Amino acid sequence: MSTHIIEIPHKPRLVPFEPDQVFFEPGALHYPLGQELLARFKAKGTPIQMTTSHNQVRGIPGETEVEQYRNAKRTLVVGVRKTLKFDTSKPSAEYAIPLSTGCMGHCHYCYLQTTLGAKPYIRAYVNIDEILAQAGEYIAERTPQITRFEAACTSDPVGIEHITGNLKRCIEYIGQQKYGRLRFVTKFAHVEPLLDAQHNGHTRFRFSINADYVIKNFEPATSTFLERIEAAGKVARAGYPLGFIIAPLYRFDGWQDGYRDLLERLAHMLPDDAKQNVTFELIQHRYTKTAKAVIEKRYPKTKLEMNEENRQYKWGRYGRGKYVYKKEAAAELEETLHHLLDLYFPTAKIEYFT
Ligand code: SF4
């Protein structure tokens, strides 16, 4: 095994997110968390407005659509999750548990760009007790089978955890459920509020990682690779089952070396006991026609390669297909990653490549 490690230039640490402005739905103030957040933002002097519903949010500044989009990502809407019917989240979990929606990150290929459409602001839900009670009902329905919940389907829940505390509440709730399990993924390193949570090993804490080239070029406003790995070490020492999602696997010039460096550094930096039961999920880059149009509008200078000539069309549900790498190119990605993982993480479980 080579011992050569590429040094990454020092970058200022990403500071935890603070919104530029906050909207409150009136119903949110009937919940303790709503009141707590109102007091928090008043004390900070953050501009606060009331809105009848998040759909009625008006006045996000910006002369162009792109400016409005960027400002929306710095806007928080505090509200009540009305629908308590959870979406399914196959194959990695039975249900998506909604704690928040939206994200302050600017990953060019983020799936939220299309799923949240014209509403990219961040929403935090204050009726967390009702949401957790609903999770309890889903668990009861399936007992004695294990029910798994994914908390990162509509947001990066770590990104606003220092503001809401909802993820910790959820971790501790699931920690008490014999037949419940939780998982989520993050690109943020602000894990401190979660380190003392009573998780009872029921939560798998995953970090999304990528080759340095990919993080630098396509993931603005998220934590750096080094920050994420440092955070992963803390999470492992706090006893959480640990996992990594390498996504999107992206074929840039020199991608083989880039992914080798990634896994070499990861193996070098993670504490030994954290490496034993770690899981990896591998997801190749894909895009839809709609996503491509949105990305080109919002990040006009992106270097993200989305050339249909290099892709194959994979039919999806409801006729909504995606462009993935051609068969040989995808197989090469899969083989290379499997080989590197065997080399650097021989006891890890590779959950899937897709
Ligand atoms: Fe999207 Fe995750 Fe990036 Fe946030 S961190 S913008 S949720 S991909």
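At what angle do helix 9 and helix 12 pack, and how far apart are their axes? In this predicted model, helix 9 (residues 255–269) and helix 12 (residues 327–344) pack at an angle of about 25°, and their axes lie 10 Å apart. Since angles under 35 degrees count as roughly parallel, helix 9 is therefore roughly parallel to helix 12. The crossing of helix 9 and helix 12 is right-handed. On the side of helix 9 the contact is formed by Trp255, Gln256, Tyr259, Arg260, Leu263, Glu264 and Ala267, while helix 12 contributes Glu332, Leu333, Thr336, Leu337, Leu340, Leu341 and Tyr344.

The crossing of helix 4 and helix 6 is right-handed, and the contact involves Ile128, Leu132, Ala133, Ala135, Gly136 and Ile139 of helix 4 together with Asn166, Arg169, Cys170, Tyr173 and Ile174 of helix 6. The residues of the contact of helix 4 with helix 6 divide into 8 nonpolar, 2 polar and 1 charged.

| Helix pair | Angle | Distance between axes |
|---|---|---|
| Helix 9 and helix 12 | about 25° | 10 Å |

Turning to the domains, the domain assignment of the protein gives domain 1 (18–80) and domain 2 (81–353), and the C-alpha centres of domain 1 and domain 2 are 26 Å apart. Where the domains meet, 27 residues of domain 1 are in contact with 25 residues of domain 2, and about 2300 Å² of area is buried between domain 1 and domain 2, with carbon and sulfur atoms giving 58% of it. Within domain 1, the residues that lose the most area to domain 2 are Tyr69, Lys73 and Val80, which together account for 29% of what that side buries.

Some details of the backbone complete the description. The peptide bond from Thr143 to Pro144 is cis, with omega near 10°, and Pro144 is placed in the loop between helix 4 and strand 8 (147–150). The peptide bond from Ala247 to Pro248 is cis, with omega near -10°, and Pro248 is found in strand 11 (residues 242–249). Asn200, a residue other than glycine, has a positive phi near 55°, and Asn200 is located in the loop between strand 9 (180–186) and strand 10 (203–209).

Notes:
Residues are numbered from 1 along each chain as its sequence is written. This is a predicted model: local features need pLDDT of at least 70, side-chain atom pairs count only at pLDDT 80 or more; totals for chains, interfaces and linings use all residues. Side-chain values use heavy atoms; hydrogens and water are left out. Axes are lines fitted to C-alpha atoms, for helices over the stretch in contact, and angles run from 0 to 180 degrees between N-to-C directions. Helices (H or I, at least four residues) and strands (E, at least two) are DSSP runs, numbered from the N terminus. Angles under 35 degrees count as roughly parallel, over 145 as roughly antiparallel, 65 to 115 as roughly perpendicular and the rest as oblique. A crossing is left-handed if the near helix is turned anticlockwise from the far one by less than a right angle, and right-handed if clockwise. Contact means heavy atoms within 4.5 Å. Domain bounds come from an automatic or database domain assignment. Buried area is the accessible area (1.4 Å probe) that two parts lose on being put together, summed over both. Ala, Val, Leu, Ile, Met, Phe, Trp, Tyr, Cys and Pro count as nonpolar, Asp, Glu, Lys and Arg as charged, and the others, Gly among them, as polar.
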